[in-house]
Amino acid sequence: MFSISTRIEEALQQFENKDFAQQLFTCLAEQHFAGYLSSNNVQTFCQKYQFTTQSLALILLPVAACYAHTPISQFRVGAIAHCEDGSLYFGANQEFQGSIIQQTIHAEQSAISHALTQGATKIQAITVNYTPCGHCRQFMNELNSAEELLIHLPHSQSNKLSQYLPDAFGPKDLDIHTRLFDKHDNKLQLTTKNALILTALQAANQSHAPYSRNYHGIALKMQNGHVVHGSYIENAAFNPSLPAMQVALNGVRLQGYDFAEIQQAIMVEHAHHLSYRHMSETLLRLTCQLELNYIGLS
């Protein structure tokens with residue numbers, strides 16, 4: 001079984017500042033090893049150890065990479081999303097053995113979707129330990145902060161996304177003005193008192209799908225009762241889009257859980273031109289041998 005605490009302990013053994021390493025481990029342990037630092041924690045660490053937010057994020061990359069699930073490549077990538085409120089959200093690449101390679105979640109996508117599901121409203125920068133691939137550059141171009149977004153790498157900091165994606169194709173080319181991380185309400189309705197279904201419905205209503213208008217959301221209930229959700233994230237170039245099941249499974253890992261701890265899964269979908277039902281059912285079975293409860297809305 002996946003043990004994020006063991007992985008993080010091993011990563012922190014490589015840190016030169018042992019006091020900082022211990023304080024960081026304690027901080028993460030107190031939040032069930034959910035992969036983020038609140039703005040207060042960021043400020044505290046920066047003041048105590050004389051970091052900048054940017055230098056702190058670079059130091060945290062090996063910890064973020066601990067959340068990776070890489071049964072195919074064995075190659076872990078870590079990413080950090082810098083949110084407008086000063087918080088930092090971790091991300092790591094996720095691979096799904098037995099599925100198709102297109103289901104892979106890249107580290108930048110992981111950090112961005114992690115921040116989105118936790119209520120962030122804008123990302124100011126992305127720190128990552130390897131230069132973003134073209135797939136991720138296009139994915140980041142969907143953000144409501146794309147024009148100002150900074151990319152920080154170990155060997156080069158404070159470069160704008162436009163330097164990595166010149167003459168970009170994006171939402172504006174398709175006359176789309178509501179961007180990823182803008183507030184969404186897709187106005188789907190469902191009469192129920194079931195809390196898990198309502199969570200999936202809310203996730204569907206928060207989907208960013210201005211191109212296909214396929215709104216869908218996922219709610220996953222863990223064995224201890226904790227609920228992880230995911231909303232569909234669509235992209236102007238289509239292929240970098242991230243279905244809600246991947247967003248939710250990514251959330252399971254980044255909130256410190258193992259896929260085997262998923263107890264129940266609900267999907268709510270307004271299928272329009274396409275449907276993610278079959279893909280979601282297949283991926284869920286592969287990761288935790290669980291059947292998906294599907295609710296389709298017209």
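**Notes on the model**

1. Strand β3 (residues 88-92) is mostly covered, with 5 of its 5 residues buried. Buried means under 20% relative accessible area, exposed over 50%, and partly exposed in between, with a 1.4 Å probe and protein chains only. Strands (E, at least two residues) and helices (H or I, at least four) are DSSP runs numbered from the N terminus. Both faces of β3 are covered: L88, F90 and A92 are buried on one side, Y89 and G91 on the other.

2. This is a predicted model, in which local features need pLDDT of at least 70 and side-chain atom pairs count only at pLDDT 80 or more, while totals for chains, interfaces and linings use all residues. Residues are numbered from 1 along each chain as its sequence is written, and side-chain values use heavy atoms, with hydrogens and water left out.

3. Which strands pair with β3? Strand β1 (residues 36-37) is joined to β3 by 2 bridges and runs antiparallel to β3; two strands pair if DSSP finds at least two bridges between them. Y36 stands opposite Y89 of β3. Strand β2 (residues 78-83) is also antiparallel to β3, over 5 bridges, and A81 has Y89 as its bridge partner. β2 and β3 form a hairpin with 4 residues between them, and G86 in the turn has a positive phi of about 100°.

4. Strand β5 (residues 150-153) pairs with β6 in the antiparallel sense over 3 bridges, and L150 stands opposite K160 in β6.

5. Helix α3 (residues 39-49) has V42, F45, C46 and Y49 buried. They lie on the same side of α3 because they cover an arc of only 100° around the axis, the arc being that of the directions from the helix axis to the C-beta atoms. N40 and Q47, on the other side of α3, are exposed. The cover over the buried residues of α3 includes α2 (18-30), β1, α4 (53-65) and β3; contact means heavy atoms within 4.5 Å. Just after α3, Q50 takes a positive phi of about 60°.

6. The largest nonpolar core has 64 residues, of which I112, I123, M140, L220 and I262 touch the most other members. Such a core is a set of buried Ala, Val, Leu, Ile, Met, Phe, Trp, Tyr and Cys residues joined through side-chain atoms within 4.5 Å. Helix α9 (residues 244-254) gives the most to this core, with 6 residues. The core lies between domain 1 (29-174) and domain 2 (195-296), because both give residues to this core; the bounds come from an automatic or database domain assignment. A second, separate core of 32 residues includes L12, C27, Y49 and F90.

7. For the protein chain, the secondary structure comes to 10 helices and 10 strands. Buried residues make up 56% of the 298 residues. Among contacts between residues at least 6 apart in sequence, 65% join residues at least 24 apart. Along its principal axes the C-alpha trace spans about 55 × 45 × 35 Å.
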